[in-house]
Each structure stands twice: as C-alpha cells, then as structure tokens.
Amino acid sequence: MNYAWKTVYGDQRLYDLARQLRGESTDSEEEEVNAEDDDYSDDNDSDDYEFVNEEDEDDDDEEEKEDALSSEEEDEVKDYKYSEIWQERYKQLKEYKAENGHCNVPQRYEPNKALGTWVRRQRQEYRKMSEGAHSSMTDEQVEKLESIGFVWVLRSKDTWNERYEQLKEFKTEHGHCNVPQHYESNKALGKWVSAQRQEYNLMSKGLKSSMTDERVAKLESLGFLWVILSKDTWNKRLEELKEFKTKHEHCIVPRHYGPNKALGVWVQAQRTRYRLMKEGSKCCGMTEERVKKLQSIGFLWNPMDIFWNERFQELREFKAQHGHCNVPKKYDSNKALGMWVKTQRAQFRLMKEGLKSSMTDERVEKLEHIGFVWNRSKDTWKEKYEELEEYYAQHGHCNVPKRYKQNKVLGSWVHTQRKRYRLMKEGSRSGCMTEERVKKLENIGFEWTLFKDVQKYTWDERLGQLKRFKAQYGHCNVPYGFEANKALSGWVQTQRTEYKRMLEGSKSALTEERVEKLVAIGFTFRLKIVDKNVQKYTWDERLGQLKEFKAQYGHCNVPAIYESNKSLGKWVQHQRQNYKIMLEGSKSSMTEEKVNKLENIALNGV
C-alpha cells in the first residue's frame with residue numbers, strides 16, 4: 001500500500017474504497033494472497049542467494065505510479081469523506097436543536113467545539129453559493145438545514161432580544177440585573193451585560209455604538225444599572241455634585257454633561273436606583289443614608305418638579321394681573337406658559353381616565369387653589385350665553401346672523417348650538433350640548449329651527465301642503481319666506497339640500513321613495529339662478545320695479561310667479577339666494593351697497 005497516500009486520505013477504509021473504484025483488489029484481499037505467497041516462499045527461499053533484477057526495479061516504479069489515483073478519483077474520495085462528516089455534524093446539530101430549541105451553536109461551544117466551527121462554515125458556504133461563487137454547499141444540504149430551522153444570517157437585533165429575555169429571567173430570579181461577568185449558568189449573558197455598559201459609555205461620549213435610545217429605555221425599564229460603583233467612587237461623585245450645585249444653584253445635571261459626562265450618568269443612575277428602592281428592590285445600590293445625603297443638598301428625584309413649580313409661579317403672576325388663569329395658547333408675553341397651561345388640562349384629563357399622566361393630586365390641589373379651570377369650554381359657553389342674553393334684550397329674539405358684524409363669534413356659536421342640538425336629538429355625539437343647556441337657551445326664546453312649526457307636520461303632510469301650493473300656483477317653487485306658509489318654503493329648501501347630500505353619498509333624510517313622490521308632482525330639485533328674462537333689465541331698474549311693488553302692496557315679498565311681472569318675482573328670489581351665498585363667504589353678485597338699498601326699501605319704502 002502507498003503509505004503516503006494513506007497519510008493524505010486518513011485510513012484503510014478510504015484506501016480500500018479508492019481501490020474498488022478503480023476495479024482493483026483491496027489491501028485486505030492482497031494480504032490474503034500475500035499470505036499464501038509467503039507460505040510458498042518460506043519453502044523455496046535460499047539464504048545464500050539474493051537476485052536483483054534492474055527490470056524488476058523498473059516494474060516496481062511503474063506499480064507505484066499505478067497506485068496513485070487520478071485527480072477525478074481523488075475528488076470522488078474526498079467528496080465521500082466530506083459527505084460522511086457532514087451527515088455526522090448534521091446529526092449532532094439536530095441533537096443540539098432538540099436540547100436548546102435553536103440551531104445557533106456558539107462558535108466556541110465547549111461541549112462540542114467542532115460543531116460550532118462546522119455551523120459557522122455552513123453559513124460561509126451558503127453565502128458563497130448565494131453569490132454564485134464555488135461552494136461545497138448543495139441544494140439538498142440547504143433543504144435539510146432549513147427543515148430544522150437553521151438561520152443563515154444571524155441578526156444582531158435578534159441576538160440582542162434573546163439576551164434581553166434572558167436578562168428578564170435573571171431579574172425575576174435574582175431581583176436585579178447585575179449579572180456577574182463570569183456567570184457560570186450563562187457565561188454569554190454575563191459578557192453581554194458587560195458589553196451593554198461599554199456600548200452605553202460609547203454612546204454617552206458621542207462615539208459610534210450599537211446602543212440606541214430604544215434599547216436604553218428597555219434596559220432601564222428592568223432597573224438596569226449602567227455604572228456599578230464602589231463606596232469611595234460614590235462619595236467622590238457626591239462631592240462633584242456639590243460643586244455643580246454651588247456653581248449652578250441646582251442638582252439637575254444633564255445626562256450628557258460636557259465638562260463631566262460621568263457625573264451626568266451617575267446622577268441619572270441615582271434616580272433609577274431610588275425608584276428601584278421604592279419598588280422594594282434589595283440590590284439597587286441605594287440606601288437610606290445615601291438618600292439623606294442627596295436630599296440634604298436639594299437633589300430632586302423627579303427633575304420635572306422644578307420646572308413645574310417655576311411655571312406655576314408664572315401662572316400665579318398671570319392670575320394677579322388678569323384676574324383668571326386662562327392663559328391663551330399663543331400668549332405673546334410668555335408662549336411657554338400658554339403651552340404649559342394647555343398641557344395641565346390634558347394631563348388632568350388623562351388622570352381622570354385612569355391613564356398614565358404626570359398630574360398628581362398635589363398639583364391638582366395647588367392649581368385649584370388659585371382658581372384654575374380644567375374645562376375651558378364650559379367657561380366659554382357661559383360667556384357666549386351671556387352675550388346672547390344681551391343680544392336678545394336688544395333685538396327681541398335670538399336669531400343672530402351667522403356673520404353678525406358686531407360679534408362674528410357669537411353668530412357662529414349660535415349656529416353651532418343648533419347643529420349640536422340636532423345631533424343630540426338624532427342620538428349622535430353632540431359635543432357639549434346637554435339638557436341643562438337646552439333649557440337655558442329655551443328660557444330666552446331660542447329657536448332651534450328658523451321656522452317654529454317645521455316639526456309640527458310629518459313629511460307626507462308637508463308634501464300635501466306642497467301639492468295644494470302647486471294646484472294654486474302651478475309650480476312647486478315656494479318663495480323664500482312665503483307669507484301664507486313660511487315653514488313650507490323652508491321645508492322645500494331642505495328637500496333640495498337633502499337631495500344634494502344624497503347625490504354626494506352623504507347621510508341624507510331623503511329616500512328614493514320620497515324623491516319619486518316629489519318628481520311625480522313636478523318638483524324641481526335644482527333651480528337655475530339665472531333666467532333669460534332677468535337680464536332684460538339692469539339691477540337698478542329691477543330695484544325701481546320693486547319700489548313700485550312695495551308702494552302698491554306695502555311689502556317686498558313678490559311671489560315667484562307674479563302675474564303682473566313674472567320676472568320680478570324671480571329676481572327678488574335671486575337676491576335672497578345671492579345674499580345667502582354672500583353670508584356664507586362664497587363668491588356672490590350681492591354687495592354691501594345692494595344690501596343697503598334693498599333694506600332701505602323694506603324699511604322706508606324709498
């Protein structure tokens with residue numbers, strides 16, 4: 001046997017395989033033959049003679065050359081050996097998975113270091129295969145590995161979360177997160193915890209780090225301590241804090257304090273340890289003695305308290321100057337105060353709803369002591385109601401125009417009350433409308449609709465009234481403010497509005513059945529604003545015709561179909577429509593000058 005070849009390929013079994021592949025006899029077969037030859041030579045060999053033939057030596061060289069395998073045969077043997085080893089490692093990996101629940105064997109896995117190296121090698125070969133480079137990985141091997149949940153690319157985030165979960169378990173068992181660096185039960189966890197402190201330190205210095213704000217928050221939620229200090233170091237930091245207090249007159253050291261970054265981290269750690277102590281943790285590093293030392297120099301466990309008290313003092317000064325605490329959101333003299341006041345109301349609402357809030361009973365008491373109002377809208381409603389009472393005393397009714405020049409906000413407020421009342425009656429969310437407010441408004445004669453008797457009749461009864469109007473006038477275009485039945489004109493306008501909403505796909509009181517009933521009597525849902533006859537006269541000429549009508553009949557309510565001047569009725573109706581459009585803020589041919597001229601005719605007849 002070629003022993004050099006044996007050294008390369010490892011053992012007798014593989015050598016025999018190579019010989020079989022070449023169709024030659026194996027060493028074991030040759031040994032049997034040689035054994036027979038030895039028996040024969042023992043009987044015939046002579047000790048006196050030794051024959052050496054040069055041709056025989058040449059034959060031996062030829063035999064050695066023949067013993068050497070071709071490159072293709074060597075590759076085949078190597079493949080066999082690799083495949084057998086691969087199967088053995090794969091079997092070991094399956095056993096690891098069954099025991100640990102995953103296939104992420106550490107590279108330096110103590111029980112089986114070769115397995116850790118093999119797993120790493122599979123990922124490298126897979127990457128080569130994916131890149132189209134030469135690789136020993138096969139599709140069959142990929143399929144086998146993936147069938148047991150093998151992960152080709154280990155993500156640092158996944159690894160981090162796994163370690164974080166292990167840390168949570170450690171905290172549950174031991175009551176703290178101070179895992180020893182050489183923790184026998186989980187050495188990797190101890191190293192990981194140490195690494196988190198190192199990465200946090202790099203992050204604090206503004207250097208490149210794998211630590212993020214999200215990870216900091218998650219670790220601190222477990223009570224993770226970034227710095228483990230000795231007693232001497234603690235006292236040294238306390239002296240540094242005293243020097244900071246002397247210089248700045250407070251102990252609120254920023255976390256990333258430039259002149260002394262370690263002090264900022266230490267101060268933050270004291271607050272974390274104090275919170276853990278209050279939660280009952282025994283390994284938090286905070287003691288009653290240390291608490292007293294820190295409090296003796298004015299240390300605040302919650303730094304937001306100092307800012308809150310400063311704003312509260314500013315609010316007291318505002319109250320002394322203005323007589324109330326309703327600081328505008330955009331208060332020019334102190335914009336921060338306006339935002340702070342808004343925040344207090346928001347935090348109070350969260351507190352009442354049982355949600356997380358910075359509001360405390362102590363703060364509530366302090367604010368209410370100076371007359372702070374939590375619900376600003378309640379005060380606003382009361383103010384507007386009082387303004388409406390004044391309007392009623394002056395005008396004898398509560399129908400404030402939506403764009404009332406003297407008080408535009410009041411006009412919008414009155415419009416909103418009607419809208420909220422309607423929503424309340426429909427069972428929808430009505431904002432701040434209540435039965436108490438409804439009674440207060442009705443006490444001063446507030447009308448929920450501009451026509452009092454709109455709700456007295458059903459829809460079909462109104463349709464009957466419209467049919468009678470049609471029989472008398474020959475059309476369904478009830479004039480706005482129709483003297484004989486003002487509510488009917490409002491109802492007709494409502495049908496057109498609801499029809500428009502229906503076409504837009506919005507919620508509408510109009511149904512297909514009602515539409516058919518209206519169409520059946522010749523109802524027109526869309527009226528043309530412009531009429532050919534209207535354009536025969538100028539606006540001032542029409543105004544003159546209206547003056548003549550007023551002189552004859554004593555009013556300006558020209559019927560839409562006025563026999564003596566059919567186009568005048570339409571013109572008057574158009575003026576009302578254009579006026580309404582102007583009040584809504586849309587583009588309109590109506591002007592203030594025209595409004596004054598029309599109102600002068602109605603009042604004075606001139």
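1. Start with the surface charge: Lys402, Arg403, Lys408, Lys419, Arg422, Arg501 and Lys507 gather there in a positive patch. A patch here takes residues with over 30% relative accessible area and no salt bridge, like charges being joined within 9 Å and nonpolar side chains (Val, Leu, Ile, Met, Phe, Trp, Tyr) within 5 Å. Lys and Arg count as positive, Asp and Glu as negative, with His and the chain ends not counted. The charge is placed at NZ of Lys, CZ of Arg, CG of Asp or CD of Glu. A salt bridge would be a side-chain nitrogen of Lys or Arg within 4 Å of a carboxyl oxygen of Asp or Glu.

2. Before going on, keep in mind that this is a predicted model: local features need pLDDT of at least 70, side-chain atom pairs count only at pLDDT 80 or more, and totals for chains, interfaces and linings use all residues. Numbering runs from 1 along each chain as its sequence is written, and side-chain values use heavy atoms, with hydrogens and water left out.

3. Back to the positive patch. Helix 18 (residues 408–425) is its top contributor, with three residues; helices (H or I, at least four residues) and strands (E, at least two) are DSSP runs, numbered from the N terminus. Arg501 sits in helix 21 (residues 486–503). Arg501 counts as partly exposed because its relative accessibility is 34%, where buried means under 20%, exposed over 50%, and partly exposed in between. The areas are Shrake-Rupley values with a 1.4 Å probe, and for residues only the protein chains shown count as cover.

4. There's a negative patch on the surface too, made of Asp139, Glu140, Glu143 and Glu146. Glu146 belongs to helix 7 (residues 139–147) and is partly exposed at 42% relative accessibility.

5. Now the inside. The largest nonpolar core has 21 residues, and Leu241, Trp266 and Leu294 touch the most other members. Such a core is a set of buried Ala, Val, Leu, Ile, Met, Phe, Trp, Tyr and Cys residues joined through side-chain atoms within 4.5 Å. Helix 11 (231–248), helix 12 (261–278) and helix 13 (288–296) each supply at least two of its residues, and helix 12 gives the largest share, six.

6. Have a look at Glu249, in the loop between helix 11 and helix 12. Its phi is near 70°, a positive value in a residue other than glycine. Glu249 is exposed, at 69% relative accessibility.

7. Last, Ser508 lies in the loop between helix 21 and helix 22 (512–520). Ser508 is partly exposed, at 24%. Glu498 is 10 residues from Ser508 in sequence, and the two C-alpha atoms are 5.4 Å apart.

Note on methods: Buried means under 20% relative accessible area, exposed over 50%, partly exposed in between (1.4 Å probe, protein chains only).
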